[in-house]
Amino acid sequence: LRHLFATAQKQWGQVRLRIFSDHGMTPIRQTVDLMPEIERLGLRVPHDYLPAYDSTMARFWVEHERAETQLRQCLEQLPYGRVLSAAELDALGLGFDDDRYGHLVFVLHPGTLMCPSDMGRLQFAGMHGFHPHMDPNAYAVFLSSDVHTPPVQHITDIFPTLLADLPSHV
């Protein structure tokens, strides 16, 4: 990086170097198959619920209280994940009035991969998408050669920071 920066300075004079990532990667220690656990409940898709099985979470849209109760009870007894509370969903920016991310969100513990899932059947050595406050590998990075760069606290802060680097005539 130092060589790249020095080369850019020789070519163009004053330059800014920005390096950023959107997330880290967590080593996978175990895989689980959640679908049979849910199917054992005997609920019907789409009459009772709609599931979305991701690699690190499952989301459920439920059609009635009985289905929500059965799903919640099933998920809460599983040792490899937990149901997120409404307060957690709000804090993570996922608490919408229209429940676009699901009525129930079950997130796996860091290092646990749902396989198979709607994302596929491959068992990866690393994955992202775990609860960011529970996973020490979830942190991203933002590096800048300019000490006057405003602090980047969230991934949404990166775009305005990069936009400010552009000449005003662009």
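Modeller: The radius of gyration, taken over C-alpha atoms, is 21 Å, while a compact globule of 170 residues would have one near 15 Å. That globule rule is 2.2 Å times the number of residues to the power 0.38. Along the principal axes, the C-alpha atoms fill a box of roughly 70 × 35 × 25 Å. Keep in mind that this is a predicted model: local features need pLDDT of at least 70, side-chain atom pairs count only at pLDDT 80 or more, and totals for chains, interfaces and linings use all residues. Residues are numbered from 1 along each chain as its sequence is written, and side-chain values use heavy atoms, with hydrogens and water left out.

Colleague: Which domains does the assignment give?

Modeller: Domain 1 covers 1–22 + 140–165 and domain 2 covers 30–129; such bounds come from an automatic or database domain assignment. Taken over C-alpha atoms, the centres of domain 1 and domain 2 are separated by 37 Å.

Colleague: How many helices and strands are there?

Modeller: The count is 5 helices and 10 strands. These are DSSP runs numbered from the N terminus, with helices (H or I) of at least four residues and strands (E) of at least two.

Colleague: And how many residues of helix H1 are buried?

Modeller: Helix H1 (residues 2–12) is hardly covered, with a buried count of 1 among its 11 residues. Buried here is under 20% relative accessible area, exposed is over 50%, and partly exposed is in between (1.4 Å probe, protein chains only). Gly13 follows H1 and has a positive phi, near 85 degrees. Over the whole protein, 31% of the 170 residues count as buried.

Colleague: Switching topic: which residues have the most contacts inside the largest nonpolar core?

Modeller: Leu34, Ile38, Tyr53, Phe60, Leu75 and Phe106, in a core of 26 residues. By nonpolar core I mean a set of buried Ala, Val, Leu, Ile, Met, Phe, Trp, Tyr and Cys residues joined through side-chain atoms within 4.5 Å.

Colleague: What does Tyr53 touch?

Modeller: Not counting residues up to four places away in sequence, Tyr53 has contacts (heavy atoms within 4.5 Å) with Leu34, Met35, Ile38, Ala58, Phe60, Met114, Ser117, Asp118 and Met119.

Colleague: Where is Ser55, then?

Modeller: Ser55 is in the loop between E4 and strand E5 (57–62). Ser55 counts as buried because its relative accessible area is 7%. Beyond neighbours within four places in sequence, the contacts of Ser55 include Leu108, Thr112, Met114 and Met127.

Colleague: How many disulfides does the structure hold?

Modeller: It holds 0, taking a disulfide as a pair of cysteine sulfur atoms within 2.5 Å.

Colleague: What about Asp99: what is its phi?

Modeller: Asp99 has a positive phi of about 55 degrees although it is not a glycine. Its place is the loop between helix H4 (86–91) and strand E7 (104–108). Asp99 counts as partly exposed, at 28% relative accessibility.

Colleague: Last one: where is His23 found?

Modeller: His23 sits in the loop between strand E1 (18–20) and strand E2 (26–27). His23 is partly exposed, at 28% relative accessibility. Leaving aside neighbours within four places in sequence, His23 is in contact with His128, Ala138, Tyr139 and Ala140.
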